[in-house]
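Colleague: Could you take me through this one slowly? I'd like to hear where each label comes from.

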Amino acid sequence: MELNITSWGYNNTSVGELTLEVSKLSYVAVLLGVVIVVGNAITLLTIKLTPSFRTTTDMYLASLTTADLLIGVVIMLSFVLNASNELFDRSGMVFKYVCLSLQCVAGTVGMASVSNLALVSLDRCMAVSYPFFYRRQEI
């Protein structure tokens with residue numbers, strides 16, 4: 001099966017140049033995924049090990065950090081798998097279902113991240129708007 005180069009937006013590009021471009025993007029995606037995972041893991045570890053970070057707000061932040069960590073893993077993995085699918089013609093049913101599953105999980109995790117961000121924003125808005133009525137609860 002021949003690679004359809006025009007689906008990537010490259011009209012006058014050879015397959016070798018496209019392979020190099022996709023592999024560069026895959027390396028960047030993997031590097032970005034590693035940075036996201038390490039940064040969020042450090043944040044989660046800090047929240048776990050510091051007793052003063054056991055408030056409701058910090059638990060919201062831990063939930064947001066967990067969602068972002070999953071985004072770093074799932075979306076970057078999905079990107080690399082989709083890029084390799086375009087490049088190497090992996091037409092097996094298992095590979096297609098893995099990619100589809102990762103895309104569904106990526107959408108769900110993305111919505112969880114946005115929801116957590118909205119919840120943290122609402123919590124901070126309440127704390128600033130009503131400073132005398134907002135209680136800082138230890139968990």
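Modeller: Start with confidence: the chain has a mean pLDDT of 79, and 75% of its residues reach 70 or more. That score is the predictor's confidence in each residue, from 0 to 100. This is a predicted model, where local features need pLDDT of at least 70 and side-chain atom pairs count only at 80 or more, while totals for chains, interfaces and linings use all residues. Residues are numbered from 1 along each chain as its sequence is written, and side-chain values use heavy atoms, leaving out hydrogens and water.

Colleague: Which helix has the lowest confidence, and which the highest?

Modeller: Helix α2 (residues 56-88) is lowest, with a mean of 82, and helix α3 (residues 93-129) is highest, at 86. Residues 1-6 have pLDDT below 50. Beyond near neighbours in sequence, that stretch has 10 contacts in the model, a contact being heavy atoms within 4.5 Å.

Colleague: How do you know what the pattern along the sequence is?

Modeller: From DSSP runs, numbered from the N terminus: a helix is H or I over at least four residues, a strand is E over at least two. The chain comes to 3 helices and 0 strands, and reads α-α-α along the sequence.

Colleague: What does UniProt list as "transmembrane region"?

Modeller: An unreviewed UniProt entry lists residues 25-47, 59-80 and 100-122. UniProt positions are in the numbering used here, feature names are shortened, and annotations may be inferred rather than shown by experiment. In the model, residues 25-47 are 100% helix and 0% strand, with end C-alpha atoms 33 Å apart. Residues 100-122 are also 100% helix and 0% strand, and their end C-alpha atoms lie 33 Å apart.

Colleague: Why does M76 count as buried?

Modeller: Buried means under 20% relative accessible area, exposed means over 50%, and partly exposed is in between (1.4 Å probe, protein chains only). M76 has 17% relative accessibility, so it counts as buried. M76 is in helix α2, and leaving aside neighbours within four places in sequence, it is in contact with A29, L32, G33, I36 and I71. M76 and A29 are 47 residues apart along the chain, yet their C-alpha atoms are separated by 5.7 Å.

Colleague: And what makes T65 and N40 count as buried?

Modeller: T65 is at 7% relative accessibility, so T65 is buried. N40 has a relative accessible area of 12%, so N40 is buried too. T65 is found in helix α2, while N40 is in helix α1 (residues 15-49). Not counting residues up to four places away, T65 touches N40, T43 and L44. With neighbours within four places left aside, N40 is in contact with T65, D68 and L69.

Colleague: How much of the chain counts as buried?

Modeller: Of its 139 residues, 27% count as buried. The accessible surface comes to about 9,400 Å², and 69% of it belongs to carbon and sulfur atoms; those areas come from the Shrake-Rupley method with a 1.4 Å probe, and for residues only the protein chains shown count as cover.

Colleague: Why do you say that D123 forms a salt bridge with R124?

Modeller: A salt bridge is a side-chain nitrogen of Lys or Arg within 4 Å of a carboxyl oxygen of Asp or Glu. For D123 and R124 the closest N and O atoms are 3.4 Å apart, so the pair passes. A search of the whole structure finds 1 salt bridge. D123 has 9% relative accessibility, so it counts as buried, whereas R124, at 39%, counts as partly exposed.

Colleague: Which residues make the largest nonpolar core?

Modeller: V74, L81, C99, L102 and A106, 5 residues in all. Such a core is a set of buried Ala, Val, Leu, Ile, Met, Phe, Trp, Tyr and Cys residues joined through side-chain atoms within 4.5 Å. The elements giving two or more residues are α2 and α3, and the largest share, 3 residues, comes from α3.

Colleague: What makes A106 buried?

Modeller: Its relative accessible area is 13%, so A106 is buried. A106 is in helix α3 and touches V74 and I75, not counting residues up to four places away. V74, neighbours within four places left aside, is in contact with L102, V105 and A106. A106 and I71 are 35 residues apart in sequence and 6.6 Å apart in space, C-alpha to C-alpha.
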